[in-house]
Amino acid sequence: MGITCQGTGWVIEGNEVERLVMFPDGGDCDYSRLFGDGHVVRRNFFHGTDFSEIGSAHVDCFQTFDNNGEHLRDVLIDGNTCYDFHQAFMGEASFHQASSHIVFTNNLFAHGEAWGLCVHQITDVQAYHNTFYDIAYHGAGFRDGATGVVRDNIFMNVSSSYWASDGGKVTGDYNIIMGAAAPDKPGAHDQVDTDPRFVDAANRDFHLGPDSPAI
């Protein structure tokens with residue numbers, strides 16, 4: 001795996017993790033795993049994993065779980081770029097329900113094999129100004145009592161944009177959705193079937209064109 005963080009008040013900034021590989025003794029492959037309180041994770045670049053080199057491993061940009069007695073609280077994840085993953089965020093609090101207030105801002109998540117944000121039983125997960133592009137299944141899903149806000153994001157070429165189930169709750173608005181299923185109840189200002197007009201997304205240039213409705 002790449003970076004693992006535990007404790008309180010760490011800043012993880014400006015790192016590059018490239019090409020995760022599964023070693024013969026097993027384990028798992030994640031670009032980062034986060035536990036603890038009060039961290040800032042910003043402007044990191046995770047990319048380049050070849051899925052033929054990781055066997056049965058599951059690759060997440062950011063992962064947290066609590067069956068080890070840990071939690072994740074009051075964390076800012078800002079301005080990161082992640083390609084070539086299964087989940088952008090795999091977050092679970094199934095045992096102790098002590099994880100909360102995780103904020104995703106200004107991140108780019110592209111070329112995912114499964115989900116963008118996969119949230120289980122974590123409360124107050126906030127997503128603002130992120131781009132979700134070319135992800136096989138869901139943009140942001142909140143399950144099993146998870147709660148969140150999804151606002152001012154772009155979802156393009158994703159099977160579904162954002163939703164909640166099994167007691168989860170999400171509110172969303174001012175999102176641009178293109179080539180992705182809209183939520184059951186879109187926000188009043190969500191723009192569905194609206195092209196964000198990236199400069200050249202096929203070649204990983206996600207700058208907005210001058211006539212982009214996302215500006």
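Predicted model: local features only at pLDDT ≥ 70, side-chain atom pairs only at ≥ 80, totals over all residues.

Visitor: Which strand pairs with β14, and over how many bridges?
Guide: Strands are DSSP runs of E, at least two residues long, numbered from the N terminus. Two strands pair if DSSP finds at least two bridges between them. Thr131 has Ile154 in β16 as its bridge partner. β14 (residues 131-143) runs parallel to its partner, residues 154-165, which is β16, and the bridges number nine.

Visitor: In which sense do β16 and β18 pair?
Guide: Phe155 stands opposite Ile177 in β18. Three bridges join β16 to β18 (residues 176-178), and the sense is parallel.

Visitor: How many residues does the largest nonpolar core have?
Guide: Such a core is a set of buried Ala, Val, Leu, Ile, Met, Phe, Trp, Tyr and Cys residues joined through side-chain atoms within 4.5 Å. Buried means under 20% relative accessible area, exposed over 50%, and partly exposed in between, with a 1.4 Å probe and protein chains only. Residues with the most contacts inside the largest core include Tyr31, Phe85 and Leu117, and its size is 41 residues.

Visitor: What is the size of the second, separate core?
Guide: Its members include Leu108, Ile176, Phe198 and Ala201, and the count is 10 residues.

Visitor: Is Phe85 buried or exposed?
Guide: Phe85 belongs to strand β10. Contact means heavy atoms within 4.5 Å. Beyond four places in sequence, Phe85 touches residues including Tyr31, Cys61, Phe109 and Trp115. At 0% relative accessibility, Phe85 is buried.

Visitor: How is the aromatic pair of Phe109 and Phe132 classed?
Guide: Rings of Phe, Tyr and Trp (its six-membered ring) pair if their centres lie within 6.5 Å; planes under 30 degrees apart are stacked, over 60 edge-to-face, the rest tilted. Here the centres are 5.7 Å apart and the planes make 40°, so the pair is tilted.

Visitor: Why does this pair tie together parts that are apart in sequence, and how many residues apart are they?
Guide: Phe109 is buried at a relative accessible area of 0%, and Phe132 is buried at 0%. Phe109 lies in strand β12 and Phe132 in strand β14, so the pair ties together parts separated in sequence by 23 residues.

Visitor: Which cysteines form a disulfide, and what is its handedness?
Guide: A disulfide is a pair of cysteine sulfur atoms within 2.5 Å. Cys61 and Cys82 qualify, with sulfur atoms 2.0 Å apart. Cys61 is in strand β8 and Cys82 in strand β10, 21 residues apart. The torsion about the S-S bond of Cys61 and Cys82 is about -90°, so the disulfide is left-handed.

Visitor: Is Ala182 buried or partly exposed?
Guide: Ala182 lies in the loop between β18 and β19 (191-192). Beyond four places in sequence, Ala182 touches Ser161, Ile177 and Val192. At 31% relative accessibility, Ala182 is partly exposed.

How values were computed. Residues numbered from 1 in each chain as written. Heavy atoms only, no water. Helix = DSSP H or I, 4+ residues; strand = E, 2+ residues; numbered from the N terminus.
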